[in-house]
Amino acid sequence: MQRHDIVICGGGLVGASLALALAHLPLDICLLDPAPFAPAPRPDDRTFTIAQGSKRALTALGAWPRLSRADFQPITEIEVSDRSGRFGLAHIVASEQGVDALGFVTGNAALLAALYDELATTTVTLRQGRLGGLAGDADEITVTLADAHEPERIACRLLVGADGTNSAVRAACGIGVDRYDYERWAIVSNCRVSRPRPHTAFERFTANGPIAALPIGDDRYTFVISRPDGEQWQNLDDTDFLDRLADAFGDRLGRLLAASPRLRFPLIRQHAREWVAPRVVLIGNAAHTLHPVAGQGFNLGLRDVAVLAERIAQACRTQTDYGDRAWLGDYARARQADVANTTRFTDGLVRLFTPRLLPLAAARALALNLVDALPGLKQALAVRTMGLKTPLPRLFRELKP
Ligand SMILES: Cc1cc2nc3c(=O)[nH]c(=O)nc-3n(C[C@H](O)[C@H](O)[C@H](O)COP(=O)(O)OP(=O)(O)OC[C@H]3O[C@@H](n4cnc5c(N)ncnc54)[C@H](O)[C@@H]3O)c2cc1C
């Protein structure tokens, strides 16, 4: 049986970020994931918007400086409108908010590679394996690995479930979820355009749901299209797909020229009913999964990382048992308001801009005009988009936890 102080189950963006956030503490950390920890692209090479605040946290973790300049695009302007780009147009501009960029667009693969490269310089154990089961007593918890020839076990004082929406840790603890299915899909494709607008992102609200266009460099944009008929859209050939997309998005970026193969993701909102169990804590998508419309999921998970790492650092300083349920309960309470507010914000946007949920295009246009006309409202939207809502945990001030 191997022993570590903390096992983080799930080496996705959130789990890998937590491993780095804890790496400087006097703790023996193991990061567990079924996929190899190689900085190679994974099949789901999604594009992400990273808020200003999250960039600061990733800088403190040492991952952001490892990205090459071609790996990310700063966003200096976000244009929110209906299809025509004329009615209900709201602009959020970085210079008006006193920052050089509202956020950044980067790829899942590039960011994971940067996190893994930085982890390779630490003492964190990177363990390839899949959590199969759990057993525990008052002092430690034991993880059993699935798919191993011989049953392999790892004991630890704290197990962090960072294993995503279908968390095995959560299931093994018997924690249920509240799940809402938007009955829609996100179709994601990278396209070339004839009239790029550098550093400008678009959020279009169409009769059939929102479309986001995120600049990824040169003349290329990632389009994220929310549709009820996602399977049909995924199976369109390139020409039909580009025609339909152009029809829905409009001509703000000129003609759409070429599209990468389409990826499809179900759109759900899901919350674990508990975030802690004896010697277990859930973070990131294992605890809460959001609709991607506002690009908040990873940004929210990174704030879990920042607060949990700060709490564990404090436990190390005061020689407190960081796996103690009451101690973990304080962490969960500290995260409740941010998760609830971000969920409400994201869900509110979906409801406002999903035709089935708010049929009046005029009401949507009015809402957008209001955002643009009321500086306070726009400022609030911008602050949330930038991930700079105070109080900021240490990582978001570029400080180690
Ligand atoms: C279309 C789309 C667009 C999005 N855009 C944005 C955006 O712009 N900005 C943003 O902030 N968020 C965005 N999100 C949300 C974001 O993708 C997630 O919030 C984020 O990836 C969650 O990270 P995670 O590490 O918690 O989970 P995951 O990325 O799901 O990682 C979970 C990890 O756990 C591992 N694992 C699974 N089971 C086991 C097991 N049994 N044992 C061990 N390991 C296991 C997996 O291999 C994986 O590596 C988007 C989501 C979608 C679907």
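Which residue in E16 is the bridge partner of Arg-204? The views below come from a predicted model, in which local features need pLDDT of at least 70 and side-chain atom pairs count only at pLDDT 80 or more, while totals for chains, interfaces and linings use all residues. Residues are numbered from 1 along each chain as its sequence is written, and side-chain values use heavy atoms, with hydrogens and water left out.

**View 1. The hairpin of E15 and E16.** The bridge partner of Arg-204 in E16 is Ile-211. Strands E15 and E16 (residues 209–217) run antiparallel and are joined by 5 bridges, with 2 residues between them in the hairpin; strands are DSSP runs of at least two residues (E), helices runs of at least four (H or I), numbered from the N terminus, and two strands pair if DSSP finds at least two bridges between them.

**View 2. The two sides of E15.** In strand E15 (residues 200–206), 7 of its 7 residues are buried, meaning under 20% relative accessible area (1.4 Å probe, protein chains only). Thr-200, Phe-202, Arg-204 and Thr-206 point one way, and Ala-201, Glu-203 and Phe-205 the other way.

View 3. A polar contact here is a pair of N or O atoms within 3.5 Å. An oxygen atom of the ligand lies 2.6 Å from a polar side-chain atom of Asp-33, and a nitrogen atom of the ligand is 2.9 Å from a polar backbone atom of Leu-131.

**View 4. The shell around the ligand.** The ligand is surrounded by 31 residues, each with a heavy atom within 4 Å of the ligand. Helix H7 (297–318) is among the contributing elements and gives the most, with 3 residues.

Methods. A polar contact is a pair of N or O atoms within 3.5 Å; within protein, one must be able to donate a hydrogen and the other to accept it, and residues adjacent in sequence count only if both atoms are side-chain atoms. Buried means under 20% relative accessible area, exposed over 50%, partly exposed in between (1.4 Å probe, protein chains only).
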